[in-house]
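Thanks for coming, everyone. Please have a look at the chain on the screen, and then I'll walk you through it.

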Amino acid sequence: MVIKMEILEQLTKYVLFTSHIENEKPVSLLIVANAESGKTVCIDKYNENEGIVYFNDITPWGLTKEIHKLHQLGKPINHILIPDFLNIIAKNQVSQKGMIQFLKSGIEEGITKIKTYGIEFDIGKTLNFGLITAITKDAFMSRRRNWSSIGFLSRMVPFSYKYKLTDVQNILESIYEQQYHTNSKIKLILPTTKVDIILPIEIAKKLRVYTQRLAYAEKIYGFRHQKQFQTLLKAVALSKDKNKVDEDDFNDLEQCLEYCNLEFNQI
């Protein structure tokens, strides 16, 4: 486990479980922090799980081609993992806009037919997927207004953080000892079918304070974020092989929600 990354690794696990919940869309996660903050390492740990489509770099054409291939093979497409989103948005404007529009559609309303870049096929049923990606704070801040205006930002749960100076020293000590060689993949036992999870309304209402904080920062109503947080609560229960959310599940998610904002709290 990467030093100080326990909370982010836990949230990433819950996000991956959201694609297995009945009547819910997979939640998407945007990790925002300074360079060398362990973002990429955390995402990489989960890239061998079922239903994962992993890209270091991709274009709209490449993504379309990969989805077409997986569709033909009958393989699930639950989450797309892109460790460094800068590899996507550093391209020309046409490619960048095309990719963001494609991701927006897949995350929210879903995709039923693809007809582009010389590829045409019907998916059969609506394909909704989640996105897990990361970006540096500076790169995010320069694009924040635009992403908010086109509705891309509200489609993802942001996770922002920074290190304490004492933790920077501890991480350096671990590097001296070459502890980074011990980082290993995380394999999850994910359901093979969608599972219906009960969420009591009184627990759902407790999420409102976190929804309001994020909605205020993004200058939106927060409806999407409330749904995302509720789906994450169900994912916590599902990860424990339960079919109903309880207070313990809320307490577990609450540790993650302290960083599901744009405030860059110390982790």
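First, a term. Buried means under 20% relative accessible area, exposed means over 50%, and partly exposed is in between, with a 1.4 Å probe and protein chains only. Now the ground rules. This is a predicted model, where local features need pLDDT of at least 70, side-chain atom pairs count only at pLDDT 80 or more, and totals for chains, interfaces and linings use all residues. Residues are numbered from 1 along each chain as its sequence is written, and side-chain values use heavy atoms, with hydrogens and water left out.

Let's start with helices. Helices here are DSSP runs of H or I with at least four residues, strands are runs of E with at least two, and both are numbered from the N terminus. Helix α1 covers residues 6-17. How many of its 12 residues are buried? Nine are, so α1 is mostly covered. Among them are Leu8, Leu11, Tyr14, Val15, Leu16 and Phe17.

Helix α3, residues 60-73, has 14 residues and should span 20 Å. Its end C-alpha atoms are 20 Å apart, so that agrees too. The buried residues of α3 are Pro60, Gly62, Leu63, Thr64, Ile67 and Leu70. Just after α3, Gly74 takes a positive phi of about 75°.

Stay with phi for a moment. Most residues other than glycine have a negative phi. Glu36 lies in the loop between β1 and α2 (39-44). Glu36 is exposed, with a relative accessible area of 80%. Asp241 is in the loop between α10 (223-239) and α11 (247-257). Asp241 is exposed as well, at 73%.

Next, the sheet. Two strands pair if DSSP finds at least two bridges between them. Five strands form an open sheet, in the order β2-β3-β6-β1-β7, and the pairing is parallel. The edge strands are β2 (52-54) and β7 (157-160), each pairing on one side only. Neighbouring strands are turned by 20° against each other on average, direction ignored. That angle comes from axes, which are lines fitted to C-alpha atoms, for helices over the stretch in contact; angles run from 0 to 180 degrees between N-to-C directions.

Walk across it with me. Strand β3, residues 79-82, joins β6 through four bridges. There, His79 stands opposite Gly130. Then β6 pairs with β1 over five bridges. Strand β1, residues 29-33, pairs with β7 over four bridges. In β6, its bridge partner is Ala134. In β7, Ile31 stands opposite Phe159.

How enclosed is β6, residues 130-136? Six of its seven residues are buried, so β6 is largely enclosed by the rest of the structure. On to β7. In a regular strand the side chains alternate between the two faces of the sheet. In β7, Val157 and Phe159 point one way, Pro158 and Ser160 the other, and all are buried.

Now cysteines. A disulfide is a pair of cysteine sulfur atoms within 2.5 Å. The structure holds zero of them. Cys260 is in no disulfide either, and the sulfur of Cys256 is 6.5 Å from it. Cys42 is buried, at 0% relative accessible area. Cys260 is buried too, at 1%.

Last stop, the largest pocket. A pocket, on a 1 Å grid over the protein atoms alone, is an open set of points where a 1.4 Å probe fits, with protein on both sides within 12 Å along at least five of seven lines; lining residues have an atom within 4 Å of a point. The largest one is lined by 24 residues. Pro76, Ile77, Asn78, Lys125 and Lys194 lie nearest its centre. Which strand gives the most to the lining? That is β5, with four residues.

Notes
The expected span of a helix is 1.5 Å times one less than its number of residues.
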